[in-house]
Amino acid sequence: WQMHGLMAQTTNIPDSKASWMHGKFTIDATGSCTISSFVENGTSQPDLNRHLSITSDGMVSITESSDSHGYLSNDKNYISITTTDGDGGYVLFILQKELLVSGDIGAQVQFVDESNGWASAFNIQTRTGELYKTTDGGNNWSSIHSLPATDETTVFYFADPYNGWMTAINDNPPVFQISKTTNGGSTWTAQYTDTTPNANTLSSSGAMQFVDSNNGWVVGPNGRILKTTNGGTDWTLLNNAGIGVNANSKCLFFLDANNGWIGTNILDPNGTATKHIILHTNNGGQSWVQQNLPFTGAVFSIFFKDANEGWFTGDQCVQNCEGPDYLKFSTGVIGHTTNGGATVVEESLVNNRIVIYPNPSKSKLFINGLTQSSVVSIFDLNGKLLINKNVISQYIDISNLLNGIYLVRIEDNSGITMKKFIKQ
C-alpha cells in the first residue's frame, strides 16, 4: 500500500505546525504493518511498525493509537484513517493499494497542435520528475528529459513544436532558473538564474505563458512577475504592479504581447487580511489595473477568447470561514466577464447558495438553500446510491450510514450541486 499523510496543529515538529508524509505499508494477514521508505517533509525517517485492526464491516483503527478512526472501501483498495499524535496534532492517513508507479503524480500537460504535446510527472519521494513528449496526438509518449531535483513541480510552456521554456526550482542551494529548448525539449540551456539569499521562499513559479517565440511571462509567490520580449535572452522583474512581496500569483493569461491578466492577491485596506484580485494590463505591463472578484478565494485559472470576454475559476469559503484553515470548507466557482474583467459575474451561484453542515456529521445533515422541489441523493465513493428522496425539511437523516466519506447530490430548479461530507 502507498500511504500519504497530513498532520496539522502539532507541537512536536520543530519550526513547523504541519507536515506531509509518504511511505509504503506492508500489511500481513494479522494486520501487522511495516512502514518503509518513510518520508516526512522531504526528510527520510526510520522504518516503523504498527498494527491495524479491521472489523467485519470495514472499520479500521491503529492498535497503537487510542484515538484512531477509519474505514476500508468496499473494493478493499483504499483505507482512510484519522487520528491524533498525543501532542495536539491531527493526522489524516490515506492508504491506496498497489499503485503502479510509486509516488508519481501528473503535473502539467500542453499541446501546441493536434500532434505535438508534452506532459510532466513528478515523484514526491525523490523530488525529481520526467518530461514526456508525443508527436502523434497522445497515442504514444516517450521520456525526453529528466527534470532536476526540485522542491516543487516544474512549470513549462511551448510556443511551437521546437521552442519551449521551463523553470527549475531547488531550495538547496537556493536557486530559481529558467531554461530554453529549441529542439522540442531534448536539451535545455539556462537563460535566467536567481540565487537570492533565502530564495527558498522566493524561488517558486506559479505559471508561465508565451504568446509567441519572443514575448513571455512567469509569475509566482513573493510578488514575482517576470517578462521577456526576446525569447528569454533577457528577463525583467517587474515591481510596478502594486501587489507587494507577500503576493502569490497562481495563474495568468495573455492574449498578445500587450493584453493580459494575472490572478494574485494583496492585503486589504486595513492590512489585516488577504484580498484576491485580478491584475490587468493593456500595455505589456507598463501599468496595471486591479480588478475585483465576486468571490473571496484565490483564482486558479484564467482564459479570455478576446479582449472583452473571459472566464476565471477559483474557490469560495462556505463554512467556518473565520476559523483556522484546517476547519474551512470551500466550493469551486466560475467567474465570467464581458468587459475585460472590469466586472465579473459568478456563474456557479447555486454552489454558494447551498451549504451543508455540520461537516463532519453524526446523524443529521442540514442543508441550507433548498427550494420546495429539491431531490437529495447520497452516494458512496464507489458511486453506489444509498439515499434518494424529496426533501421538505432542512435536514436529512444519515444515522444509518457507516462512518466514511460520501457525496451528496442536490437537484432543484436552479440546477445540480455536488458536495462531499464525512459521516462520523
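User: What do β2 and β3 form, and how many residues lie between them?

Analyst: This is a predicted model. In it, β2 and β3 form a hairpin, with four residues between the strands. G31 sits in the turn and has a positive phi of about 95 degrees.

User: What makes β2 and β3 a pair?

Analyst: Pairing takes at least two bridges between the strands. Six bridges join β2 to β3, residues 32-40, so the two count as paired. They run antiparallel. One example is H22, whose bridge partner in β3 is V39.

User: Why is β1 also called a partner of β2?

Analyst: The cut-off is again at least two bridges. β1 (residues 2-8) and β2 (residues 18-27) have seven, so they pair. The sense is antiparallel. M3 has G23 in β2 as its bridge partner.

User: Why is the contact of D194 with R224 called a salt bridge?

Analyst: The nitrogen must lie within 4 Å of the carboxyl oxygen. The closest N and O atoms of D194 and R224 are 3.5 Å apart, so the pair qualifies.

User: How many salt bridges does the whole structure hold?

Analyst: The search finds two. K305 and E309 form one of them, with closest N and O atoms 3.1 Å apart. That value is within 4 Å, so this pair qualifies as well.

User: Why is K305 called exposed?

Analyst: Exposed means over 50% relative accessible area. K305 has 52%, so it counts as exposed.

User: How do you know whether C33 and C251 are buried or exposed?

Analyst: Buried means under 20%. C33 has a relative accessible area of 3%, so C33 is buried. C251 stands at 5%, so C251 is buried.

User: How many disulfides does the search find?

Analyst: Zero, across the whole structure. A disulfide would need two cysteine sulfur atoms within 2.5 Å.

User: What makes β31 and β34 a pair?

Analyst: Three bridges join β31 (residues 364-368) to β34 in the antiparallel sense. At least two are needed, so the strands pair. L365 stands opposite I396 in β34.

How values were computed: Residues are numbered from 1 along each chain as its sequence is written. This is a predicted model: local features need pLDDT of at least 70, side-chain atom pairs count only at pLDDT 80 or more; totals for chains, interfaces and linings use all residues. Side-chain values use heavy atoms; hydrogens and water are left out. A salt bridge is a side-chain nitrogen of Lys or Arg within 4 Å of a carboxyl oxygen of Asp or Glu. Buried means under 20% relative accessible area, exposed over 50%, partly exposed in between (1.4 Å probe, protein chains only).
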